[in-house]
Number of protein chains: 2
Amino acid sequence: VASILILGAGVMGSAIAVPAADNGHSVRLVGTPLDAEIIAKLKRPGGLHPKLDAALPAGVEPLAIEELGPAHFAQADAIVVGVSSRGLDWAAGLLSEHLDRPCPVAFVTKGLAVEQAGVKTYADTVPARVGNLSAFVGIGGPCIARELANRWPTASVYASADASATDALIRLMQTDYYRLSPSGDAVGVEACAALKNFYAIGVSAMQTRFPDTGRASGAHAKNPLAALFNQAAREMAALCEALGGKRETAFDLAGMGDLHVTVGGGRNSRLGHGLGQGRRVSEVLGAELAGETVEGADTARALAVWLRSGSGMDAKALPLAHAIIDAVLDDRPFDFDFRRIGGPAVAA
Amino acid sequence: VASILILGAGVMGSAIAVPAADNGHSVRLVGTPLDAEIIAKLKRPGGLHPKLDAALPAGVEPLAIEELGPAHFAQADAIVVGVSSRGLDWAAGLLSEHLDRPCPVAFVTKGLAVEQAGVKTYADTVPARVGNLSAFVGIGGPCIARELANRWPTASVYASADASATDALIRLMQTDYYRLSPSGDAVGVEACAALKNFYAIGVSAMQTRFPDTGRASGAHAKNPLAALFNQAAREMAALCEALGGKRETAFDLAGMGDLHVTVGGGRNSRLGHGLGQGRRVSEVLGAELAGETVEGADTARALAVWLRSGSGMDAKALPLAHAIIDAVLDDRPFDFDFRRIGGPAVAA
């Protein structure tokens, strides 16, 4: 039995507690200052997680941030950071302050860090911020939190430059329904995990742009959706490589696989649906997405800093990226021009 | 203006006539002996294609098989074979008989050829059967015929060992809505184009196996679908390589891209939906698919000959392929065991 400390009790941090507890481990689930209400509900007997609509296994001990102490860090065999990208600074600060011996830390958090008119992945930036992080393990793959908490099967990738840390975490976390592949490409997994939110905006626009009025209500043309799904994977491969990862990582769980579920639903996809209807980002963010964080839009802003100011990448190779950036940064209609698709196949 | 001869007036042969005619070419669309009724309808003024529900452009001349003569072959700058896999022998016979000078031939037809307890792609077998085939060009990618005929945008790959033939065909066929990538990997494109029908059966089963009763009627869990979509791409890459193609081709238009639309609808997908409900192949083929050809099931039979008798491939690397083959060949329930997913990531 291991001791696993999870930082962040939102949907993803809480969901990943389920396979950990199902493996018999002792799991502490720590709420951020914004999670106080969630922790209070989980502490009641039979309490449901208000956003997952599920109870957590008995092996999960919910902890309010005020209850977190040095002993929890000292006991942890592994730490999982489960906050959203806007919570990363909180988590990194906590780890820097309390982690007083080497410990592997796995990150579900996805995003890109802007540094001096460039962008980097968390695999590049976080280890420098946390002294005792003995191994950075990036987690990617198709994993809607509510479905994981319901134990519906899925697959994910755990990636680190430290293969023994990856293997150890996979032994702790893998269950019959949560299937894990190891990878050495942490930078690529982190890059793709952030990029897929961004690309899901453009791909999902194809779910509303070409209504198929000859079919059932709500039906849409499927060729344009698949063509942009494929284009997104090609561009993710190019960006992944430019950010220091491996191209192939884009064509696996953290890229293509996670893009598949992200286009299937969620906030990035809903923003895309609005764009497909010809509406502007400001309209959609002011209406059905008012008050919500759309991580793909944050990623667009980070990428724009880099792609518009000297990434050295040929804009012709990234037509979908530029169309999404133009829509998000300049509040322009999303006008993807299919004539910009073409060029050599992946295996030319 | 070029002269393009299309063999087969079913949905795909007819749809691909649309971009060819939109480019101003003279297009002859020849029906197979089974297409007599289609050709008769197309010959009427304003006649609609009965299966596409669309009229074809004025530049398309429908021809009954009895009208086809040596002059049509002599005039053709390029020939496109648009029949289904069961029509391939007819088309190859016609080409062998009438093609009396070298001419490039492009194939939309998808399938695998069984040869001496092995399988080969049409890129391997067809050139040996047609003497004057100057270049074999394989066509792959997400392309629902009815959507192409409606000029909804999509992307495809044209692949041949003869790069100049590929480039020439792309110049003839590419339009603003039909975006084409060249590839040198004809074997890989042909392998993936056949395999995606087969894998769509297993992936589509995930659209019915895990109903999400907490959501809208008909909603299903999305993680298992994405996990098997990803698994299918991984296995296509391994099989593509074993058949003599490049792994990367599986992660592009002919593999992943076409798998995306094939899971979105059609006969292979409907067979998968039945399997996901726990029904057997014989039940589904005897009910909602009675009388229909399911190309992915034909591919399962071809693959089984090879994978069950000495392909040398590790069955553990192909759990989804074996689960589909067991369901189709042995009429067993489709019991995909997620514990068989895992192992190293694509970029390990």
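This passage walks through a predicted two-chain model, from the way the copies are related down to single residues.

We can start with the symmetry. Two copies of a chain are, in general, related by a rotation about an axis and a shift along it.

In chain A, A:Ser183 belongs to strand S12, which covers residues 178-183. With a relative accessibility of 5%, A:Ser183 counts as buried, because the cut-off for that label is under 20%. Setting aside residues up to four places away in sequence, A:Ser183 touches A:Val157, A:Tyr158, A:Ala159, A:Ser160 and A:Thr166 in its own chain, and B:Ala345, B:Ala347 and B:Ala348 across in chain B. A polar atom of the A:Ser183 side chain also lies 2.9 Å from the backbone nitrogen of A:Asp185.

Turn to chain B and the picture carries over. B:Ser183 lies in strand S12 of chain B, residues 178-183, and is buried at 4% relative accessible area. Once neighbours within four places are left out, B:Ser183 is in contact with A:Ala345, A:Ala347 and A:Ala348 from chain A, along with B:Val157, B:Tyr158, B:Ala159, B:Ser160 and B:Thr166. The side chain of B:Ser183 has a polar atom 2.9 Å from the backbone nitrogen of B:Asp185.

H8(A) spans residues 186-204 and packs against H15(A), residues 319-329, at an angle of about 90°, the two axes being 10 Å apart. H8(A) and H15(A) are therefore roughly perpendicular to each other. On the H8(A) side the residues involved are A:Phe198, A:Tyr199, A:Ile201, A:Gly202 and A:Val203, and they meet A:Leu320, A:Ala321, A:Ile324 and A:Ile325 of H15(A). H8(A) also packs with H5(A), residues 122-129: their axes come within 8 Å and cross at roughly 115°. That makes H5(A) roughly perpendicular to H8(A). In this pairing, A:Tyr122, A:Ala123 and A:Asp124 of H5(A) meet A:Ala186, A:Val187 and A:Glu190 of H8(A).

Tyr199 turns up again in the nonpolar core. The largest such core has 185 residues, and A:Tyr199 and B:Tyr199 are the members that touch the most others. Leaving out residues up to four places away in sequence, B:Tyr199 touches B:Ala232, B:Glu235, B:Met236, B:Leu239, B:Leu259, B:Leu318, B:Leu320, B:Ala321 and B:Ile324. One of these contacts, B:Leu259, is among the buried residues of helix H11(B). H11(B) runs over residues 253-263 and is mostly covered, with 11 of its 11 residues buried.

A:Arg151 sits between helix H6 (145-149) and strand S11 (154-159) of chain A. Its phi is near 65°, a positive value in a residue other than glycine. A:Arg151 is partly exposed, with 37% relative accessible area. In chain B, B:Arg151 is in the loop between helix H6 (145-149) and strand S11 (154-159), has a positive phi of about 65° although it is not a glycine, and is partly exposed at 38%.

Another loop residue is B:Asp314, found between helix H14 (295-307) and helix H15 (319-329) of chain B. B:Asp314 counts as partly exposed at 48% relative accessibility, because exposed would take over 50%. The B:Asp314 side chain reaches the backbone nitrogen of B:Lys316 at 3.0 Å. As for B:Gly82, 232 residues from B:Asp314 along the chain, the C-alpha atoms of the two are separated by 35 Å.

Key. Residues are numbered from 1 along each chain as its sequence is written. Chains are lettered from A and ligands numbered from 1 in the order in which they are written. This is a predicted model: local features need pLDDT of at least 70, side-chain atom pairs count only at pLDDT 80 or more; totals for chains, interfaces and linings use all residues. Side-chain values use heavy atoms; hydrogens and water are left out. Buried means under 20% relative accessible area, exposed over 50%, partly exposed in between (1.4 Å probe, protein chains only). Helices (H or I, at least four residues) and strands (E, at least two) are DSSP runs, numbered from the N terminus. A nonpolar core is a set of buried Ala, Val, Leu, Ile, Met, Phe, Trp, Tyr and Cys residues joined through side-chain atoms within 4.5 Å. Contact means heavy atoms within 4.5 Å. A polar contact is a pair of N or O atoms within 3.5 Å; within protein, one must be able to donate a hydrogen and the other to accept it, and residues adjacent in sequence count only if both atoms are side-chain atoms. Axes are lines fitted to C-alpha atoms, for helices over the stretch in contact, and angles run from 0 to 180 degrees between N-to-C directions. Angles under 35 degrees count as roughly parallel, over 145 as roughly antiparallel, 65 to 115 as roughly perpendicular and the rest as oblique.
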